[in-house]
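Q: Please take a close look at the ligand and its surroundings in this structure, and describe the contacts and the space around the ligand.

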Amino acid sequence: MKGKIYVVGVGPGDPELMTLKAMRILKQSPVWLAPAASKGGASTAFTIASGAVNSTGKEVITHHFPMTKVHAGQQADPEVEQAWKDAAEIISGHLDQGRDVAFPTLGDPAIYSTGFYVIEKLSELVGDITAEIIPGISAIGATSAATSVPLCLGDERLVVIPATFEDKQLKEVLATFDCVCLMKVHKVMDKLLALLDELGLTEHAVLVERTTLENQKIHYDLHKAAAQKIHYFSTMIVRKP
Ligand SMILES: C[S@@+](CC[C@H](N)C(=O)[O-])C[C@H]1O[C@@H](n2cnc3c(N)ncnc32)[C@H](O)[C@@H]1O
C-alpha cells in the first residue's frame with residue numbers, strides 16, 4: 001500500500017479540543033472517511049473535524065456504521081461486519097493510489113472507536129498496511145472537566161463501562177470501584193437509576209449531555225434527567241465519596 005491510514009481522535013465536540021497533531025493530519029490527508037451513526041445522516045466526527053480544519057477540496061466519504069452492540073471476542077452482527085469491510089475496501093482503493101486517508105473519530109480512538117475494527121479489516125484485506133492512531137480528548141475526560149469531578153486520585157480505581165451491559169456486571173462494577181464512567185447511557189437510564197438507588201449511589205452521580213457542545217447540560221438530579229429524553233452523547237460519572 002502506498003498511502004497511510006490515520007485514525008484521528010477529534011475530541012468530544014468543541015473543535016478547540018482537537019490536538020495540533022489531529023489538525024495537521026486532517027489538513028494533509030486528501031481523503032477523509034467519516035463515520036455516520038445513521039444511514040444518510042451526518043457524521044459528528046466530520047462536523048467536529050471541519051470546525052477546525054477546512055475540508056474544501058478534500059474527498060469526504062461519509063460511511064454508515066450501524067449502531068449494533070459489539071461484544072468483545074464475539075462475532076459481530078453481519079451488518080456491522082459488512083460496514084467495516086466496505087469501509088476497508090474504500091480506504092484500500094485510495095491507499096493503493098498513494099492517497100493518505102484520515103478516519104476522524106469521536107473523542108479518543110482508544111475508547112469504543114470503530115476505527116480499530118476498520119484497521120483490522122483493512123489489514124485482513126491487504127495484509128501490510130501503514131496505520132497511525134492519533135489520540136484525542138475523550139468524552140470522559142471532558143465530562144470530568146465540565147463537572148470538576150476528578151476521575152481518580154491517589155490509589156482510587158477507575159472503570160469505564162458501556163451502560164448497556166447486563167445488570168449483574170453493572171451492579172458488581174458500581175459496587176466495587178471508586179469511580180465508574182458510564183457511556184451509552186441514553187437508552188438505559190431507568191435501569192441504571194434503579195441500580196444506583198439500590199446501591200445508595202444516586203447522589204454521587206452526575207450526568208452530562210453533549211459535553212463541550214452547544215446546549216451542554218449538566219444533570220445533578222438524575223431522576224429529573226431520566227424523565228426526559230437523554231441525548232446519545234451523554235456520559236455519567238459515579239464517584240464514591
Ligand atoms: C462509541 S462511544 C465513543 C467514545 C469516544 N471514543 C470517546 O473517547 O469519548 C459513544 C459514547 O461516548 C460518549 N460521548 C461521546 N461524545 C460525547 C459528548 N460530547 N458528551 C457526552 N458523552 C459523549 C457517550 O456516552 C456516547 O454514548
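A: In this predicted model, a nitrogen atom of the ligand is 2.6 Å from a polar backbone atom of Ile111, a polar contact being a pair of N or O atoms within 3.5 Å. Taken alone, the ligand exposes 560 Å², of which the protein buries 96%, with accessible areas from the Shrake-Rupley method and a 1.4 Å probe. An oxygen atom of the ligand lies 2.8 Å from a polar backbone atom of Asp108, while a backbone N or O atom of Pro12 is 2.8 Å from a nitrogen atom of the ligand. The ligand is surrounded by 18 residues, the closest being Pro12, Ile111, Ala139, Ser234 and Thr235, where a residue counts if one of its heavy atoms lies within 4 Å. By class, this shell holds 10 nonpolar, 5 polar and 3 charged residues.

The ligand sits in the largest pocket, meaning that more than half of its atoms lie within 2 Å of the grid points; a pocket is an open set of points on a 1 Å grid where a 1.4 Å probe fits, with protein on both sides within 12 Å along at least five of seven lines, and lining residues have an atom within 4 Å of a point. The volume of this pocket is about 1,700 Å³, and of its 48 lining residues, Met67, Tyr112, Thr114, Lys184 and Tyr232 are the closest to its centre.

Residues are numbered from 1 along each chain as its sequence is written. In this predicted model, local features need pLDDT of at least 70, side-chain atom pairs count only at pLDDT 80 or more, and totals for chains, interfaces and linings use all residues, while side-chain values use heavy atoms, leaving out hydrogens and water.

Terms used. Grid points are joined across faces, edges and corners, and a volume is the space filled by probe spheres set on the points. A polar contact is a pair of N or O atoms within 3.5 Å; within protein, one must be able to donate a hydrogen and the other to accept it, and residues adjacent in sequence count only if both atoms are side-chain atoms. Ala, Val, Leu, Ile, Met, Phe, Trp, Tyr, Cys and Pro count as nonpolar, Asp, Glu, Lys and Arg as charged, and the others, Gly among them, as polar.
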